Amino acid sequence: MRTAICMLIFSFCLLSFSGDIQTKPSINKSTKKRKTGVQYGMASFYHNKFNGRKTANGEVFSQKKLTGAHNTLPLGTWVRVTNLKNNKTVVVKVIDRLHYKSKRLIDLSRTAARKIGFSRSGLVRVKVEVVGSPTPIVKTK
């Protein structure tokens, strides 16, 4: 009896897999689009000890420039960072990477942090929007 049940289950499995097998189309990782829309998260600013050191793209970091570090956006990308508390914005160039375990979205130079009003608090919730690459369009008044 047990053998008959096993044979029945085996033949059922063979019949169910013998037809056309439909599989999901494979997704080529190189064709996936990067997330370049709007992102929300926490921002911080660089410690002074990094001033004068080389960044991930080879530039020397300066607290006086409008630059930042981001883990997923391509180096050289220009982004608009908006402080969600006071709605101030600044456009910075991504020139470096954060530590891979960092929970922060972006790390800004001290000058960029001052422009959006959070250099004293150290951390602030921000919105990051991609403006372009390699140079943004600057409007003059």
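The following legends describe close-up views of a predicted model of one protein chain.

In this predicted model, local features need pLDDT of at least 70 and side-chain atom pairs count only at pLDDT 80 or more, while totals for chains, interfaces and linings use all residues. Residues are numbered from 1 along each chain as its sequence is written, and side-chain values use heavy atoms, with hydrogens and water left out.

**Figure 1. The protein chain and its elements.** The chain contains 2 helices and 6 strands; these are DSSP runs numbered from the N terminus, with helices (H or I) of at least four residues and strands (E) of at least two. Read from the N terminus, the order of elements is α-β-β-β-β-β-α-β. Of its 141 residues, 31% count as buried, where buried means under 20% relative accessible area, exposed over 50%, and partly exposed in between (1.4 Å probe, protein chains only). Among contacts (heavy atoms within 4.5 Å) with a separation of 6 or more, 71% join residues 24 or more positions apart.

**Figure 2. The closed barrel.** Six strands form a closed barrel in the order S1-S5-S2-S4-S3-S6, with mixed pairing. Neighbouring strands of this sheet are turned by 45° against each other on average, direction ignored; the axes behind this angle are lines fitted to C-alpha atoms, for helices over the stretch in contact, and angles run from 0 to 180 degrees between N-to-C directions. Two strands pair if DSSP finds at least two bridges between them.

**Figure 3. Strand S1 and its two partners.** Strand S1 (residues 38-45) runs antiparallel to strand S6 (residues 124-132), and 6 bridges join them. With strand S5 (residues 106-108), S1 runs parallel, joined by 3 bridges. Alanine 43 takes part in both pairings: its bridge partner in S6 is valine 124, and it stands opposite isoleucine 106 in S5.

**Figure 4. Strands S3 and S6.** Strand S3 (residues 78-83) is antiparallel to S6, with 6 bridges between the two. Valine 81 stands opposite valine 128 in S6. The side chains of glutamate 129 and arginine 80 also meet in a salt bridge (3.9 Å, N to O); a salt bridge is a side-chain nitrogen of Lys or Arg within 4 Å of a carboxyl oxygen of Asp or Glu. Because glutamate 129 lies in S6 and arginine 80 in S3, this pair ties together parts that are 49 residues apart in sequence. Arginine 80 is partly exposed, at 33% relative accessibility.

**Figure 5. A salt bridge between a loop and strand S4.** The count of salt bridges comes to 2, and one of them joins the side chains of glutamate 59 and lysine 93 (3.1 Å, N to O). Glutamate 59 belongs to the loop between S1 and S2, and lysine 93 to strand S4 (residues 89-96), so the pair links parts 34 residues apart in sequence. Glutamate 59 is partly exposed, at 24% relative accessibility, and lysine 93 is partly exposed too, with a relative accessible area of 22%.

**Figure 6. Phenylalanine 61 in its loop.** Phenylalanine 61 is found in the loop between S1 and strand S2 (67-69). This residue is buried, with a relative accessible area of 2%. Leaving aside neighbours within four places in sequence, its contacts include Tyr46, Phe50, Ile95 and Ser109. Phenylalanine 61 and serine 109 are 48 residues apart in sequence, and their C-alpha atoms are 8.6 Å apart in space.

**Figure 7. Threonine 111 in helix H2.** Threonine 111 is placed in helix H2 (residues 110-115). A polar atom of its side chain lies 2.6 Å from the backbone oxygen of glutamine 63. Beyond neighbours within four places in sequence, threonine 111 is in contact with Gln63, Lys64, Lys65 and Leu66.

How values were computed:
Polar contact = N/O pair within 3.5 Å; in protein donor to acceptor, adjacent residues only side chain to side chain.
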